[in-house]
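Dear colleague,

I am passing a structure on to you below, followed by notes on what was found in it. Please read the notes with the structure open beside them.

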Amino acid sequence: MSPTHAAAATGGKRGEVVVDGITCDFSGTRVLHETDLAVQAGEFFTLLGPSGSGKTTLLRIIAGLIDFTSGSVAIDGSDVTHLPTQQRDIGFVFQNYALFPHLTVAQNIAFGLKIRKVRGAALAKRVDEMLELTELGALRDRHPSQLSGGQQQRVALGRALAQRPRVLLLDEPLGALDRRLRQDLGSEIRRIQQESETTAIYVTHDQEEAYILSDRMGVMEAGYIRQVGAPRDVYSAPNSKFVANFLGETNSFGAEVVGQDRSGTQVRTGEFVVTASEGQALAVGSACTLSARPEQIRLSPSVEAAPAGFEAVARVTITDARFFGQTIRVRLADERGTYLVDLDSAEAIPEVGTPAVMSVRARSAVLLPTP
Amino acid sequence: MSLSTTGIPTVRPPRRSILDPVRLPKIAMAIAAAGFFVIFFFWPLLDVVLRSISIDGVWDWSQPQLTLDHYLTILQDDYLHLVEWRTVVLAVNSTLLALLLGFPTAYFISRLPGRAAGIVLLLILIPFQVSIVVRLFAVTSILSPNGLLSQASQALGGERFSLLYTQGGTLVGTVMYLLPYMILILYSGMTGIDHNVILAAKTMGASGFQIFIKVFLPLVRTSILSGALLCFILALSFFIVPAILGGPQEQTVAVYIQQQIDLFEWGVASALGVVLLAATLILYVAVIRIGGGFQAPGVGGQAKGVSAEQRFTWSAGTVTTGVLTLISLLVLLLPVLIVFPLSVGETQTVVFPPRGFTLEWYGEALTTDTWLDPIARSLLVATLTGLASTALALYLARVVQTAKSERTKVIISGLAFAPIITPAILLAIGIYAVELRLNLAGTIPGLVFAHTLVSFPLAFAIVNTALASRGLDLETAAWTMGASRISAFWTVTVRGMIPVMLSAFGLAFVTSWDEVVLALFLQTGPVKTLPVTIYQYLESGIVPTVPAIAALLTLLVIAVIITQRIIQSRRSRSAILADQK
């Protein structure tokens, strides 16, 4: 039975990917350090990280496009480490799409099917299905050079999915498009992935894309996967300073653990004691960093005026305040550093130069080990 | 060579009357450029066409008499049939051989990592840049009865033989000449392919063979057609190699034309020239139609290499193409390297292996007027040609870049490339006829004009590409700061393009320095340019100073190319350093 028919026969989700201890060196530089990753069948998984973090390398290793130093890759429980790309039964969407310039849209989509000896009516039917799925029917006889970026992107997606791959690998497929188109196509990719019941592994440096698309995501830095989890969990409970800073803005305060109970961990920062969210168990007396998102902080003229449910964390001076549409972005400073707070835009814009007290929502700030 | 233009709309100064003195310099330049083209390109072509349809090959404006006799001769004469057939067979065979060797070589280089690819390309560029007469001298000494091949055969117990004045010899020489063109065109086509496209085919399950047939070949089709066309056109009207290696027995069309001109039989010679031109044009158009474009050989021949992700591996494919690459390199490098041992022999006749060791011939070559006069003349002609070509190239590129109508751009750039597509032998006899009338034949300006015609297209290509990629942004910025159009052009655009202008000058200089065919026809005095002097020794018999001069010329090319590479890599290294800061 050809792989094309296997999907129809089993009907269930497939394409579980397990990466075990992958290490990869390029001309003496280590770009991946003993990386492990498990992506469940049918899941939309995003690898998020800055450029040079090794996310594209990891994706290409799963595709079999890069030789690596040690480790293994398994798809659906079978080891594919030494299986050539051709036999891995994957779909790959390249950042620059890599459409065949000498073939039309329909021929590009038919390429993989023809290689798999799908012929005649079956071929025409599948190509039509893909054209319909990607809404490219009207453009079927165009060449790639006659298409816009968004259209090329959809051809690349249709081409990768035509032979019903077990795993769809996407390498920053929206990177070359403008912001509006990115959002539209992003949700389209998600829809097509859901309808085709394919596992998707998606590489991006854009956190918004990662939030919108993924079931789970992995944040990468310098050849390591730093944290894996659902987008909301990773955002609200980063496990390191890097993840906290990479996923949006954050405020850091040097702190010391003073106590721990069921409601959370009490830390002292400056003159104040704050309750952080439960999380990493830290010994009393150990130094750590308290990290709070700008939207979890309020300003008040004095400690006593702090809103209910908020705990004062620092006395600061307002250095800048700007209207940002949905929010008012306020920059503040004290002798330890600078901070950022997002206020509801309904509030009055604070006066620059006035002193204020920052207070953080109880149990919302997280503790990070001080490196 | 893509002729991209900026398309940035520029604000035109107010319309002025044609008679306005402010417009005089512009009009003068336009007239000079147009006049140059008319006198040294259109008039020669017209002259040849008219001669081909006149009785005795002499057109008389007062009593025009048309005749098609010369064309009928071409169609009917038995000896000419033989010459024509021989020419076509030579062109077909040499193109096929060049493709058979060039394709695997280009493929192999395109698979190599950057540094190794750069070295192999260098080994191809060096013979490419060594003057054809120098290489031709080396080939005659390899193919002669006392030459390398014959001696190797004798050492293996075979017979003493000579490939000189045979079809085989002409074929070897022609392939040696064409191979670098083929390799460079194919290489640039192959490295132009987005490697992700190949990977994409892999992810869709295509095997190596399927990828080659269904993706790789269609993507390099234009390069293959362009390379084959260029080689075929060059071979069809090739003059120097068949003239020396073929000798009188193996005349080709171009050699026959030259012989007829020597006998003042202009009629048939002109008709044959027109036929060559027509064949060239038809082929050119056909390839553009079939192949969807024509790709000229890359001027720089830069090694791109493959990225760190695609490691080079020895597979059946790379081993086979690697072996064929070695054969290509042998064909290209052997003639270049053999001049060194040949130049140090003590004997009065040039033999291989050399007997004894002496540097006396170098001393003699560099002290006698026999060589010093041609060297001085070549330097003068090439310098003047370089200056004229660069100026003309800059002017035309500027016109193309600022032209508003797309048609003007296409026409001017098409005209600029027309002289290098025209068979050299046709240009040679046409310009010779025109210069005889203008009393320019045999003079240095006469030769400089002719050389400028064939040298400036390459300079134009470089300058035009550079101008297009710079755009008019910087100049426009200078305008906003109050610079006049003229001063903005000189202080911003030209100043910034000094490296480009230098390489344009260098390219035109080298083209003129190596040029043989035009120089052979247009020099009537006793002192000739250097390549023509060597050519004449090839015809009349080699003296021991010829290999010494050949060796010096080869060393010069090697030195220039290696210096260029060092400067380039220094620059790119400092660019990388600047990036890191």
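The model is a predicted one, in which local features need pLDDT of at least 70 and side-chain atom pairs count only at pLDDT 80 or more, while totals for chains, interfaces and linings use all residues. Residues are numbered from 1 along each chain as its sequence is written, and chains are lettered from A and ligands numbered from 1 in the order in which they are written.

In chain A, the buried residues of helix H5 (149-161) pack against strand S6 (90-93), helix H3 (105-115), helix H4 (120-133), strand S7 (167-171) and helix H6 (179-196); helices (H or I, at least four residues) and strands (E, at least two) are DSSP runs, numbered from the N terminus. Because 10 of its 13 residues are buried, H5(A) is largely enclosed by the rest of the structure, where buried means that 20 or more other C-beta atoms, placed from the backbone, lie within 10 Å of the residue's own. Among these buried residues are A:Arg154 and A:Arg159.

Chain A also holds an open sheet of five strands in the order S15-S19-S16-S17-S18, with antiparallel pairing; two strands pair if DSSP finds at least two bridges between them. Strands S15 (297-300) and S18 (337-344) of chain A stand at the edges with a single partner strand each, so one side of each is left without a neighbour in the sheet. Within chain A, S16 (310-323) and S17 (327-334) pair over six bridges, and A:Ile318 stands opposite A:Leu332 in S17(A).

Best regards

How values were computed. Buried ≥ 20, exposed ≤ 12 C-beta atoms within 10 Å, placed from the backbone. Contact = placed C-beta atoms within 7 Å.
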